[in-house]
Amino acid sequence: MRTVAFATVAAVAEHQAALANPIRRVVNMLQGLQSKVEAEAKEAEALFAKFQCYCASNDKKLSDSISSGDEAITRLESSVKSTAAEKTQTKSDLASHKEDREAAKKAIAEATEMREKEHSDFTSESGDLKANIGALSQAIPAIEKGMAGSFLQTPAGSKLARIAEVSMQLTDGQKSDLQAFLQGTSQYAPASGQIVGILKTMKDEMEANLAEITKNENESAQSHAGMVAAKNSEIAAATEAIEEKTGRAGDLAVKLVTEKNDLKETEETKAADESFLRSLRADCEKTATDQEAAKKARATELVAIADTIKMLNSDEAQELFKKTLPSPSLIQVHQSESQLRRRALAMLRRMRPSVSGDLIMLALQGKKQGFEKVLEQIDNMVKSLAKEQEDDDQKKAYCESEIDKAED
């Protein structure tokens, strides 16, 4: 829009020369605007350089963060897999230890039950043997002293008769002799010495049998005690392992949940970084494109200003202003005005299209309307340009502030 104003002002300046010859003032104004546009171009380049630094810096930070995220995700996935496998193994070990402990307890219970039965059998058998040995110990001296008759009337004698009936140690003949002696039948009465020999043999065998079962009982009791001690050790070890594995399983469960949460957060952070990086690159690319377009527009604008200044400073323009001073005839003034209109229109057509430029071109093409209406439109355009410049300055200040915040 500025280029439209510059071209039109140049044309109008030629028309106003008849009044005060303001061409020098217009040229000075254009040169000032030229300097301002050049200064704005430098500021824009500096701001764009800072923005490029911001883009490059944040692109590297985000790329590094994404790379670190990839490494962390790989590490966490491996750790989650390892922790899950260890947790499964720990649970399996825990179940095995519990089974071992229950098996040890069951073995103790079964062995104890068997031991109690063995001890009960031993108590019964040893009791019978001791009673029999006691009866024989009384019968032998009594018979040797010839007191068999009185002895047979005692409870010990009755016990000896029952022993004779059920004894597995005597032959059938020995049983018959002993029973005949104990009953005192007349059919056969063996000598007391023979009976004492039988009884002593029985007593010796019973004592030997008692000693053997007592030895077996003691060995069995010791074996049982050793087995119970070993199983109790197994139970204690299994209990300790159960407690350790239970604690470890709990720790692994917490660790697995933590690692899964870390993995999820890392994946989300990486996704956010990737999204932000895509957005950053798109914004930076768009800003670079806009900057290039603005740079070309400024270059065109500066060329237009330079051409206008050159035209106003040319000998042809000076001669034209001299011809349009009040002293010449009305025909010369009218001819100069027409020429100015044509030159202004030609310059406007070379500029970028704009609503204000179109309006000025329409005014210049009018037959009855002089430059006063064009000047009024130019004044309005200058005011509009000033407002646009103020908005541009505010936007630039806002962009610089945002970049500074991003860099902090």
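**Side-chain contacts in a predicted model**

Tyr54 is buried, at a relative accessible area of 16% (buried means under 20%, exposed over 50% and partly exposed in between, with a 1.4 Å probe and protein chains only). The structure is a predicted model, in which local features need pLDDT of at least 70 and side-chain atom pairs count only at pLDDT 80 or more, while totals for chains, interfaces and linings use all residues. Residues are numbered from 1 along each chain as its sequence is written, and side-chain values use heavy atoms, without hydrogens and water.

The structure contains 1 aromatic pair. Phe51 and Tyr54 form this pair, with ring centres 5.9 Å apart and 35° between the planes. The arrangement is tilted. Rings of Phe, Tyr and Trp (its six-membered ring) pair if their centres lie within 6.5 Å; planes under 30 degrees apart count as stacked, over 60 as edge-to-face and the rest as tilted. Both residues belong to helix α2, which spans residues 23-144. They are 3 residues apart, about one turn of the helix. Helices (H or I) are DSSP runs of at least four residues, and they are numbered from the N terminus. Phe51 is buried, with 16% relative accessibility.

Charged contacts were examined next. Side chains of opposite charge can pair when their charged atoms come close. The whole structure has 12 salt bridges (a side-chain nitrogen of Lys or Arg within 4 Å of a carboxyl oxygen of Asp or Glu).

One of these links Asp59 and Arg281, whose closest N and O atoms are 2.8 Å apart. Asp59 lies in helix α2 and Arg281 in helix α6 (residues 192-313), so this pair ties together parts 222 residues apart in sequence. Arg281 is partly exposed, at 43% relative accessibility.

Another salt bridge joins Asp70 to Lys270, at 2.5 Å from N to O. Asp70 is in helix α2 and Lys270 in helix α6, so the pair ties together parts that are 200 residues apart in sequence. Asp70 is partly exposed, with a relative accessible area of 32%. A network of salt bridges links Asp70, Lys270 and Glu274.

Asp64 is partly exposed, at 37% relative accessibility. Lys60 is exposed, with a relative accessible area of 52%.

Key. Helix = DSSP H or I, 4+ residues; strand = E, 2+ residues; numbered from the N terminus.
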